[in-house]
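Please open the structure in a viewer and keep the sequence at hand.

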Amino acid sequence: ISMMMRPTLWRFHGPGDEVCRAVWLLDTQRYGLQPYSNESASILEDAYLFLKWKFHNNKQSTNNDIDASLLTVQVMSPDGSEQQLVQFSSLTQVTAIQKTLGGALSLFKRRVYRGVVLDEEEKENDKQETYH
């Protein structure tokens, strides 16, 4: 799935700018942060946006409702070897477990993080803004 961002109020030439969704990373013990595939990241992003929409549009919602909710999606692991269940306990607490009986134990749960891709120029600009 890809999208292109183009101006709508004036004529333009060229391919436009590619729109990049958030990057989803699994925290592994052996290899550190590992990115999910584009398809898995798209599923995770859709689940995240659904929860965000649900919490912000529900005016009667309290913090207790947000903390008590649970949404689970099934995606391929970053290495593509197995299916994982990713559980959204809230917008900031996301964990992945193996799709096995042993995976349900809390020992095997691993954190999942949502991030953004920065190219080298953006990283330099970000560093300069931090130091000023």
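The tour begins with the whole chain and then turns to individual residues.

**Before selecting**

This is a predicted model, in which local features need pLDDT of at least 70 and side-chain atom pairs count only at pLDDT 80 or more, whereas totals for chains, interfaces and linings use all residues. Residues are numbered from 1 along each chain as its sequence is written, and side-chain values use heavy atoms, with hydrogens and water left out.

**The whole chain**

Display the protein chain as a cartoon. Its secondary structure comprises three helices and eight strands; helices (H or I, at least four residues) and strands (E, at least two) are DSSP runs, numbered from the N terminus. Followed from the N terminus, the elements are ordered β-β-β-β-α-α-β-β-β-β-α.

Now display the surface. The protein chain exposes about 10100 Å², of which carbon and sulfur atoms supply 53%; accessible areas come from the Shrake-Rupley method with a 1.4 Å probe, and for residues only the protein chains shown count as cover. Among the 132 residues of the chain, 23% count as buried. Buried means under 20% relative accessible area, exposed over 50%, and partly exposed in between (1.4 Å probe, protein chains only). Of the contacts in the chain with a separation of 6 or more, 38% are between residues 24 or more positions apart; contact means heavy atoms within 4.5 Å.

**Strands E3 and E4**

Select residues 23-28, which form strand E3, and residues 32-35, which form strand E4. The two strands run antiparallel and are joined by four bridges; strands pair if DSSP finds at least two bridges between them. A hairpin of three residues connects E3 to E4. Within this pairing, leucine 26 has glutamine 34 in E4 as its bridge partner.

**The aromatic cluster**

How many aromatic pairs does the structure hold? There are three. Rings of Phe, Tyr and Trp (its six-membered ring) pair if their centres lie within 6.5 Å; planes under 30 degrees apart count as stacked, over 60 as edge-to-face and the rest as tilted.

Select tryptophan 24 and tyrosine 48. Their pair is edge-to-face, with 6.0 Å centre to centre and 65° between the planes. Tryptophan 24 lies in strand E3 and tyrosine 48 in helix H1 (residues 38-57), so the pair ties together parts that are 24 residues apart in sequence. Both tryptophan 24 and tyrosine 48 are buried.

With tryptophan 24 it forms another edge-to-face pair, at 5.9 Å centre to centre and 75° between the planes. Because tryptophan 24 is in strand E3 and phenylalanine 88 in strand E6 (residues 83-88), this pair ties together parts 64 residues apart in sequence. Phenylalanine 88 is buried, as is tryptophan 24. Trp24, Tyr48 and Phe88 form one aromatic cluster.

**Glutamine 87**

Next, select glutamine 87, which is also placed in strand E6. Is glutamine 87 buried or exposed? Its relative accessible area is 16%, so glutamine 87 counts as buried. Leaving aside neighbours within four places in sequence, the contacts of glutamine 87 include Leu70, Thr72, Val94, Ile97 and Lys109.

**The salt bridge**

Finally, select arginine 114 and glutamate 45. Their side chains meet in a salt bridge (2.7 Å, N to O), a term for a side-chain nitrogen of Lys or Arg within 4 Å of a carboxyl oxygen of Asp or Glu. By this rule, the count is one salt bridge. The pair links distant parts of the chain, with arginine 114 in strand E8 (residues 110-115) and glutamate 45 in helix H1, 69 residues apart. Arginine 114 is partly exposed, at 40% relative accessibility, whereas glutamate 45 is buried, at 5%.
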